[in-house]
Amino acid sequence: MIVLACDLGGTRMKIGVVRDGCVLTQTVKPAQSKKGLAPQLPVLKAAWLQLLQKLKLSLTDCAGVSVGFPSLVDTVAGRVLAEYGKYADAMALDLRAWSQAELGLPLAIENDARMALIGEWKSGAGRGVSNLVMITLGTGLGTCALIEGRVMRGCHGQAGVLGGHFTVRYGGRLCSCGNLGCAEAEASTAFLGDVAATQPEWDSSSLYQAATLNYALVFKAAAAGDPCALKLREHSLQVWSSLAVNLIHAYDPEKLILGGGIMSCADIVLPSIREYVLRFAHTPWGKISVVPSELGDTAALLAGEWLLREQFPELEK
Ligand SMILES: [Zn+2]
């Protein structure tokens, strides 16, 4: 089955052509998600047509389109259910109608963290495992759970994907979701500047000069002994570790997969979360395996085939 896949991030759109668990070719385009999704639809179409041309394939060779979207999604209706400052117009768009009209193909859409987990389950770090939890550490914090071989969705598509909005600090920072003290509001790239600015050492920190703050800079400054960066590193690792324990207690996985852009600093993040989890998670059955994503950015693209088969069982091209 050949699938036109995309993973719509807040800052980058990852676009690819997928077949039999392999990304045949892919490209990345700036998302400009603040301007909405409608202006990006022609960009997606043009990118796919270009990738197909490169592969000497045409639209008639393809079975469908898959979209990983950074929000809550109704997979059955194929609609976006909420927006959090990214692609604010998406709820009003009929993406299936667009796909049929412009590409002549059915379209399946799912939450991006769920897509990442499905990709890892089918082709990556979660192969052969039926009970998984994944956290993507990045601009926001994405989560997803697979329980007894079933992707957890719940009544409104919310189950498992709101881990970033588990309360990890009672009475803490106001989150974009409206809750207080969410993991995402306490330690994600989107909130990093706000959290840094509340530190007493902020004005004298080397990070103060950075045009855009990110975790790679924080970890580098922390390694050089910067007091503000050291506090941010410790705080963030504690938040992510606490979230990991919460997810393990909630969903009883065999394995926890860590992905997302911040895992480019896996040498710092992975041992810290692993150590905390092994010490504090209540797993009387044994030790949970805490592993990095194997597929990185391609996980959500590779999930496209599985999602299309699930949503359109009649497809078998
Ligand atoms: Zn929240």
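How many salt bridges does the count come to? The count comes to nine. The model is predicted. Here a salt bridge needs a side-chain nitrogen of Lys or Arg within 4 Å of a carboxyl oxygen of Asp or Glu.

Start at R153. This residue sits in the loop between β10 (150–151) and α4 (183–186). Its side chain meets that of E110 in a salt bridge, 2.7 Å from N to O. E110 belongs to strand β7, residues 107–111. The two partners are 43 residues apart, so the pair links distant parts of the chain. Is E110 buried or exposed? E110 is buried, because its relative accessible area is 0%, and the cut-off for buried is under 20%. R153 also counts as buried, at 17% relative accessibility.

R153 has another partner, E310. Their closest N and O atoms are 2.8 Å apart. E310 is partly exposed, with a relative accessible area of 31%.

Now turn to K231. This residue forms a salt bridge with E201, and the closest N and O atoms are 3.2 Å apart. K231 is in helix α7, residues 227–251. E201 is in the loop between α5 (189–197) and α6 (215–223). The pair links distant parts of the chain, 30 residues apart. K231 is partly exposed, with a relative accessible area of 36%. E201 is partly exposed too, at 23%.

Some salt bridges share partners. Through them, E110, R114, R153 and E310 join into one network.

Definitions and conventions
Residues are numbered from 1 along each chain as its sequence is written. This is a predicted model: local features need pLDDT of at least 70, side-chain atom pairs count only at pLDDT 80 or more; totals for chains, interfaces and linings use all residues. Side-chain values use heavy atoms; hydrogens and water are left out. Helices (H or I, at least four residues) and strands (E, at least two) are DSSP runs, numbered from the N terminus. Buried means under 20% relative accessible area, exposed over 50%, partly exposed in between (1.4 Å probe, protein chains only).
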